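Please keep the structure open beside the text and find each element as it comes up.

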Amino acid sequence: MWDYTEKVKEFFLHPKNVGEIEDPDAVGEVGSILCGDALKLTLRIDKTTGKIIDAKFQTFGCASAIASSSVLTELIKDKTVDEALKITNQDIANYLGGLPKEKMHCSVMGREALEAAITNYRGEKKPVEQAAEVVCKCFEVTEEKIRKVAIENHLTTVEDITNFTKAGGGCGTCIPAIEAILKDLWSSGVMQEKPHVSKRMTNLQKIALIREVLEQEIRPRLQADGGDIELRDIVGNRVIVSLRAMCVGCPMGSVTLQGIQEKLRELVHDDIIVEEE
Ligand code: FES
């Protein structure tokens, strides 16, 4: 069972703007029923002001897809097409009070439908997607989409890409290609931080790894300088320690703790907080 916010439940159970505008000024269709999600967005646009005066959607998808599509139609109404184009998939998710990370692809689908509709309104042609550009055949996700979504949402792992695009979430044969795209984005400098390996682990694995890093990486260094550290407790992402030996009362104690936190974040998980007991 997904942990949906009240807003998601509200928009899923009582979606606004369901349906199709007759003789619309713009149509955006994305996704495919074969891949599990599809969305059709139709818009009425005031040609004088460029304002979107009505928006309706039809979707085939889960609760998140319905809620995301419905919110999108609410967000774009009374905006000009240029203003509407500034709405990101993160704006859709934020309006809903967040989406489960595995469902972020629903917000991406909303943003894509909006882009497709405005492209259609402006009479621009969607670039033809070559078969060779499709990286994930299970979900028909192109390299262009993976790059775009990764950059816009600052995604660093294959798991992130799967959550936001579904690519990699089927047979898995495209995973090496997704990894190569991520590596290229990082090495080309498009994104600024080093990608980290996905660290999905159980609490027990996390505790064991924290112990291991403290024993093998951190304590020997402190002991070499006459100091030491003792692990006192682990509560969620908080690692509670006591400084020992020469570290006790050391004016650089806070710097030492900061260094330990950085090491644990690098080697265990980036949400770790180190506190002194
Ligand atoms: S080809 Fe991407 S999951 Fe199967």
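**Notes on the model**

1. Asn163 has its place in helix H7 (residues 158–165). Helices here are DSSP runs of H or I with at least four residues, strands are runs of E with at least two, and both are numbered from the N terminus. Asn163 is buried, with a relative accessible area of 7%. Buried means under 20% relative accessible area, exposed means over 50%, and partly exposed lies in between, using a 1.4 Å probe and protein chains only. Leaving out residues up to four places away in sequence, Asn163 touches Lys101, Glu102, Lys103, Met104 and His105; contact means heavy atoms within 4.5 Å.

2. A word on the source. This is a predicted model, in which local features need pLDDT of at least 70 and side-chain atom pairs count only at pLDDT 80 or more, while totals for chains, interfaces and linings use all residues. Residues are numbered from 1 along each chain as its sequence is written, and side-chain values use heavy atoms, with hydrogens and water left out.

3. Strands S1, S2 and S3 form an open sheet in the order S1-S2-S3, with antiparallel pairing. Two strands pair if DSSP finds at least two bridges between them. Strand S1 (26–32) and strand S3 (52–60) stand at the edges with a single partner strand each, so one side of each has no neighbour in the sheet. On average, neighbouring strands of this sheet are turned by 10° against each other, direction ignored. Such angles run from 0 to 180 degrees between N-to-C directions, and axes are lines fitted to C-alpha atoms, for helices over the stretch in contact.

4. Which residue of S2 is the bridge partner of Gly31? The partner is Ala38. S1 and strand S2 (residues 37–45) pair in the antiparallel sense over seven bridges. Helix H2 (residues 63–76) packs on this sheet and touches S2 and S3, with its direction at about 175° to that of S3. Helix H5 (residues 104–121) lies across S1, S2 and S3, running at about 140° to S1.

5. A search of the whole structure finds zero disulfides, where a disulfide is a pair of cysteine sulfur atoms within 2.5 Å. Cys106 is in no disulfide, and the nearest cysteine sulfur, that of Cys62, is 3.8 Å away. Cys106 counts as buried because its relative accessibility is 1%. Cys174 is buried too, with a relative accessible area of 5%.

6. A second open sheet of three strands has the order S6-S7-S8, with mixed pairing. Strand S6 (227–235) and strand S8 (273–276) are at its edges, each with a single partner strand, so one side of each is left without a neighbour in the sheet. The twist averages 35° from one strand to the next.

7. S6 and S7 form a hairpin with two residues between them, and Gly236 in the turn has a positive phi of about 60°. Asp228 has Arg244 in S7 as its bridge partner. On the S8 side, Arg238 stands opposite Ile273 and Val241 stands opposite Glu276.

8. Two helices lie across this sheet. Helix H9 (residues 203–224) lies across S6 and S7, at about 165° to S6. Helix H10 (residues 253–267) lies across S6, S7 and S8, at about 150° to S8.

9. The axes of H9 and H10 come within 10 Å and cross at roughly 135°. That makes H9 oblique to H10: angles under 35 degrees count as roughly parallel, over 145 as roughly antiparallel, 65 to 115 as roughly perpendicular, and the rest as oblique. Residues in the contact include Leu209, Val213 and Ile218 of H9 and Ile260, Leu264 and Leu267 of H10.

10. Helix H6 (residues 143–153) and helix H8 (residues 175–187) pack at an angle of about 50°, with their axes 11 Å apart. That makes H6 oblique to H8. Among the residues making the contact are Ile146 and Ala150 of H6 and Ile178 and Leu182 of H8.
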